[in-house]
Amino acid sequence: MTDSQLVSVLMPCYRESAKDFTEALASILKQTYHRIEVVVVFDNPDDNTLYDIAQNYSSHDSRICLVRNERNLGLAASLERAFKVSRGQYICRMDSDDISEAQRIERQLSYLEEHELDLVGSYLNAIDEDGSQLYLVDSIPSSSEGVRRSLMIRNCVPHPSWFGRRSVFEMGYRSVPLAEDYDLLLRAELEGFTIGNVPEALIRYRMTVNSISRSNLYKQFVVSQCLRSAFKEGRSLDVDKIDTIVAERFDQRRAENYLKANALFNNGLRNIHSGNRAKGISQLLQIPFCSKSYLMNVINMARVVAIKTFEKTS
């Protein structure tokens, strides 16, 4: 039986550092909204470090529920396990190396109800490994109409910031490589759920070296293209065909160039934010010559910014 006032926080963890994991867990336990349960799923059964930290917290806080996978299942399956254990009518996502602001759940719940939405994300403050701010992610729409239009272009609801009604999550995460969240958002739109973003930075999103230089970024780009194509036709992508489609479209050279362009983009934003505008702009201007696919990605970002700008002025 579910609890109508309870918020269930789904927090999968894998190989995060003890420091980052501790900060993440502490931040969600210190929320101004207290009716929560935190379902922590451990997807690295060979490592006891994070489990021991969480177990120590749970001995003092009964709101924590620990789930340990017998083998590595991946993000989608781990989230599904967490959801099946959860009891709340509201579901909140939390990554185990990010930091939630103290009022996050309170603000998202209030915004969700006030605007009669089914799922919301929020703005993010991107931080580095040491917790220093890199840049603010706020160029995303907040209205359900703005989000709907933007989802046809790219994912505009940051997964680490999701908060929504249980009915949305009952649709289930599917095994869509590197885009489980985008897939669920598009299927939710097809089912008539309304989605928005709280126009406040409620998460400090940690950008690690791995998150900036992941070798699978181009594959994620290809999968997202496939999801969008199906969505524009009014259907969800057949999961059984994803691997075949990606294999047909994947090109190693393009993947390497896409990765280089991603580094240019992130370093460019970092330099601009830190005051080194000339170097930052120079890095951004190199992107078109490095990867046409990444340039398309940047153009899509700009299109979403345009949707948000019109949203603000209309």
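**Entry 1: α9 and α11.** I began with helix α9 and helix α11 (residues 252-273), whose axes cross at roughly 100° and come within 8 Å. I keep in mind that this is a predicted model. An angle from 65 to 115 degrees counts as roughly perpendicular, so I noted α9 and α11 as roughly perpendicular to each other. Next I looked up who meets whom: α9 brings Leu217, Tyr218 and Phe221, while α11 brings Arg254, Ala255, Tyr258, Leu259 and Asn262. Sorted by class, this contact of α9 with α11 holds 6 nonpolar residues, 1 polar and 1 charged.

**Entry 2: α9 again, now with α7.** I then turned to helix α7 (residues 180-190), which packs with α9 (residues 217-232) at an angle of about 5°, the axes lying 10 Å apart. Angles under 35 degrees count as roughly parallel, and α7 and α9 are therefore roughly parallel to each other. On the α7 side I listed Tyr182, Asp183, Leu186, Glu189 and Leu190; on the α9 side I found Ser224, Leu227, Arg228 and Phe231. The classes here are 5 nonpolar, 1 polar and 3 charged residues.

**Entry 3: the cores.** Which residues have the most contacts inside the largest nonpolar core? I found Trp162, Phe169 and Leu227, in a core of 53 residues.

**Entry 4: around Trp162.** I looked up the contacts of Trp162, leaving aside neighbours within four places in sequence. Among them are Ile91, Cys92 and Arg93, as well as Phe169 and Tyr173. My list for Trp162 also includes Asp181, Leu184 and Leu185.

**Entry 5: what α3 hides.** In helix α3 (residues 75-85) I found these buried residues: Ala76, Ser78, Leu79, Glu80, Ala82 and Phe83. Their cover includes the strands β1 (3-13), β2 (36-42) and β4 (88-93), along with α6 (166-169) and α7.

**Entry 6: cysteines.** How many disulfides are there? I counted 0, with the rule that the sulfur atoms of a pair lie within 2.5 Å. I checked Cys156 as one case: its closest cysteine sulfur is in Cys92, 18 Å away, which is too far for a bond. Is Cys156 buried or exposed? At 3% relative accessibility, Cys156 counts as buried. Cys290 has 19% relative accessibility; buried means under 20%, so Cys290 counts as buried too.

Definitions and conventions. Residues are numbered from 1 along each chain as its sequence is written. This is a predicted model: local features need pLDDT of at least 70, side-chain atom pairs count only at pLDDT 80 or more; totals for chains, interfaces and linings use all residues. Side-chain values use heavy atoms; hydrogens and water are left out. Axes are lines fitted to C-alpha atoms, for helices over the stretch in contact, and angles run from 0 to 180 degrees between N-to-C directions. Helices (H or I, at least four residues) and strands (E, at least two) are DSSP runs, numbered from the N terminus. Angles under 35 degrees count as roughly parallel, over 145 as roughly antiparallel, 65 to 115 as roughly perpendicular and the rest as oblique. Contact means heavy atoms within 4.5 Å. Ala, Val, Leu, Ile, Met, Phe, Trp, Tyr, Cys and Pro count as nonpolar, Asp, Glu, Lys and Arg as charged, and the others, Gly among them, as polar. A nonpolar core is a set of buried Ala, Val, Leu, Ile, Met, Phe, Trp, Tyr and Cys residues joined through side-chain atoms within 4.5 Å. Buried means under 20% relative accessible area, exposed over 50%, partly exposed in between (1.4 Å probe, protein chains only).
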